[in-house]
Amino acid sequence: MNNAVTVVEPGTTKLSVLACRKAQNDSLKLIGLGQVGYSGVHKDGWKSGKMLYHAFSAALAQAQKMAGYKFSQCILGIPNEFCGLVRNSGKITLNRPVSKQDILELRKLASTYSLPAPWEISKVIYDVYLADGRPVDNPVGISCNILELHASIICIHTDFVRQMTKVLNSLNLQVKKWIPVPLACGEVLLTKEEKE
């Protein structure tokens, strides 16, 4: 189904599989749901491929039966304890008009952050630029002494993502993408103004 979205969300005490269909107004309608209680992903429970396989298999079967079709791909939700948010910033001194190259350099500074393995940066969300402390949307061409940019860096635990992907692939389900659950909730529930 081209307009269908399947989401797998390994929670602390239960595993959920949601199948939704996109409506004409871009809203989502739930067409399939599977939920299975399990020992969860907290601590080292997520490392048990056998436990995950059985939980995923049961939840997928429930959701597929309700939706009336077999899933071939999904979006993997990353629970809170396996994703994180780091605030970072970059600052450059100019004393001249801002160039496109300055913007690229500043974005690189704001998005660079050292993380311990197995954590990696998955996405960077930039705030507005500050030209001498004043917020500006596009500072190119503006003369200023100091240009700053703050960023929210979203991090994920790559070992967790690899293990979940491995188990889902063994069930013939391709992981199309993964997204931190808190970010997914914001994307679905908040209006454009609230996101800003």
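These legends describe close-up views of a predicted model.

**View 1. Five strands form an open sheet.** The strand order is β3-β2-β1-β4-β9. Pairing within the sheet is mixed. The edges are β3 and β9 (174-180), and each of these strands pairs on one side only. From one strand to the next, the twist averages 25 degrees.

**View 2. Strands β2 and β3 form a hairpin.** Strand β2 covers residues 14-22 and strand β3 covers residues 28-37. The two run antiparallel, joined by 9 bridges. L15 has V36 of β3 as its bridge partner. K22 is partnered by L28, also in β3. Between the strands lie 5 residues. D26 sits in this turn and has a positive phi of about 70 degrees.

**View 3. Helix α1 crosses helix α3.** Two packed helices are described by the angle between their axes and the distance between the axes. Here α1 spans residues 49-67 and α3 spans residues 158-170. Their axes come within 10 Å. They cross at roughly 55 degrees, so α1 is oblique to α3. The crossing is right-handed. On the α1 side, the contact is made by G49, L52, Y53 and F56. On the α3 side, the contact residues are Q163, M164, V167, L168 and S170. By class, the contact has 6 nonpolar and 3 polar residues. No charged residues take part.

**View 4. H157 lies in strand β8.** This strand covers residues 143-157. Is H157 buried or exposed? H157 has a relative accessible area of 12%, so it counts as buried; the cut-off for buried is under 20%. Which residues does H157 touch, not counting those up to four places away in sequence? The contacts are W46, F82, P118 and W119.

Key. Residues are numbered from 1 along each chain as its sequence is written. This is a predicted model: local features need pLDDT of at least 70, side-chain atom pairs count only at pLDDT 80 or more; totals for chains, interfaces and linings use all residues. Side-chain values use heavy atoms; hydrogens and water are left out. Helices (H or I, at least four residues) and strands (E, at least two) are DSSP runs, numbered from the N terminus. Buried means under 20% relative accessible area, exposed over 50%, partly exposed in between (1.4 Å probe, protein chains only). Contact means heavy atoms within 4.5 Å. Two strands pair if DSSP finds at least two bridges between them. Axes are lines fitted to C-alpha atoms, for helices over the stretch in contact, and angles run from 0 to 180 degrees between N-to-C directions. Angles under 35 degrees count as roughly parallel, over 145 as roughly antiparallel, 65 to 115 as roughly perpendicular and the rest as oblique. A crossing is left-handed if the near helix is turned anticlockwise from the far one by less than a right angle, and right-handed if clockwise. Ala, Val, Leu, Ile, Met, Phe, Trp, Tyr, Cys and Pro count as nonpolar, Asp, Glu, Lys and Arg as charged, and the others, Gly among them, as polar.
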